[in-house]
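Trainee: Could we go through this one together while I have it open? I would like to take it piece by piece.
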Amino acid sequence: MSAIVPMGAVAARSATEEYLIRDATVLTMAPGSATLAGQDVHVRGGVIVAIGENIDAPSAKRINARGSIVLPGLVDTHWHLWTTLLRNLADNSAENGYFAMTGRLGQHFTPADMRLAAMLAAADAIDHGITTVHDWCHNIRSPAHARAALTGLDDAGLRARFSYGATRETGFDQPLDGKDFARLHDRWSDWSAGGRITLGLGWRGVMATVDGRPAAVPEAVWRADLALARDRGLPVSVHANNTAANRGHIRQLADLGLLGRDMQIVHAVNAEADEIAAIAGSGASVSLAPSSELTVGFGVPPVAALRGAGVLLGASIDTPALVGASDLLRELRTIQGLANAQAGDEMAMTPLDALAIGTREGAASLGLGDITGTLTPGKRADLIVVRSDALSLQPQADPATTILRSVRPSDIRLVMVDGAILKQDGQLTRIDRAALASDVAEASARLVRDVR
């Protein structure tokens, strides 16, 4: 299997090349910034060097962006990338509901399947203007499975957080493979892609759900797992208050003094007022995945209450097995709709507010706010160029509103990560679409066949 374009030509060199994106409307997404018309964006060595009018950069390759909008790439804050290989297979039946289907087929994933799933997810992310993903990887069946997933992320060129998690079948009385986690971190320079990929912990928390009922995770287990990250200064992400059986999980984390700026809470759909206040007070963030949360029956995320408390929010694809296309703008539109519906006010969350969750705030929630999330000189060059001449984008309006409501993958002309062009004029530069589709069809057919 080989879904990657051979490294050579533009794909290999672009990260070190110099670009001048000319005459664009620039939406920097920096706090309080205005939309800038007729601006150039100068990129060199993977870094945004300058933004301004008529920049003089004689050695730069020029990209004509007249009539286009340039903005930071979108930031996904929680995505089980391996389940992308199982897209469209969860059909809401008892046999093939999300948890039953992914649990059954996930046991048959090979390391090669993990890499392929990461590549498929990356291709879809790039098409949709996502430049950063958080791979919450809970199908690590061997050290080779983890390394294969990381290889897929590296090959695809995305910026990523890789959160190392236990498999679904790992008993809650069994700790994570701490020795392998330590080995991986000790040699992280082999996997970090020069800092483009960072490591975190996919933690199971202190409260489990067993046969639909709440159960306590043994303290020795959750403490040992949590120490893997905190002893090494690594970020932690935990699913909490996602189901009725998991109510009160955030309260327990707060009572134990475990919440902190290094912790991301995923879902939090049934978080109560005291729990939301505890999250806000601790500086922890929350990742929202409204499409999957609604589809799987978790509930309605309390967007207005979280935002009102000042909790830092991020948006999440979660799993294409439930939501289909990896469209983060869809999640942001839904988050905006929920915020306004819950507040009873059309003006409660503006399109610019929603877009900030998908860029600046999402990056900050992953601890990457100094690296990406805004177009600011000195930050890494993670950006997208959106054409604005498509009929579906007419008539022209406020750029943030246009981006949030109307942009489709075909409108995204260019995607750049770390100064490397990953998509240009509809073509992926590092991934062969036809080869990837063939590999996915073969792997998917084998997985379904082997489980019958």
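Trainee: Which residues of α16 are buried?
Mentor: Bearing in mind that this is a predicted model, the buried residues of α16 are Ala435, Leu436, Asp439, Val440, Ala443, Ser444 and Leu447. They lie on the same side of α16, because the arc they cover around the axis is only 155°.
Trainee: And which ones are exposed on the other side?
Mentor: On that other side of α16, the exposed residues are Ala434, Glu442 and Arg449.
Trainee: What covers the buried residues of α16?
Mentor: The cover includes two helices, α2 (98-106) and α3 (111-127).
Trainee: Which residue caps its N-terminal end?
Mentor: That is Asp432, which has a side-chain oxygen 3.0 Å from the backbone nitrogen of Ala434.
Trainee: Switching to the sheet, what is the strand order?
Mentor: It is an open sheet of 8 strands with parallel pairing, and the order runs β6-β7-β8-β9-β12-β13-β14-β15. The edges are formed by β6 (74-75) and β15 (312-315), each of which pairs on one side only.
Trainee: How many bridges join β14 to β15?
Mentor: There are 4 bridges between β14 (residues 285-288) and β15, and the two strands run parallel. As one example of the pairing, Leu288 has Ala315 in β15 as its bridge partner.

Key. Residues are numbered from 1 along each chain as its sequence is written. This is a predicted model: local features need pLDDT of at least 70, side-chain atom pairs count only at pLDDT 80 or more; totals for chains, interfaces and linings use all residues. Side-chain values use heavy atoms; hydrogens and water are left out. Buried means under 20% relative accessible area, exposed over 50%, partly exposed in between (1.4 Å probe, protein chains only). The arc is that of the directions from the helix axis to the C-beta atoms. Contact means heavy atoms within 4.5 Å. A polar contact is a pair of N or O atoms within 3.5 Å; within protein, one must be able to donate a hydrogen and the other to accept it, and residues adjacent in sequence count only if both atoms are side-chain atoms. Two strands pair if DSSP finds at least two bridges between them.
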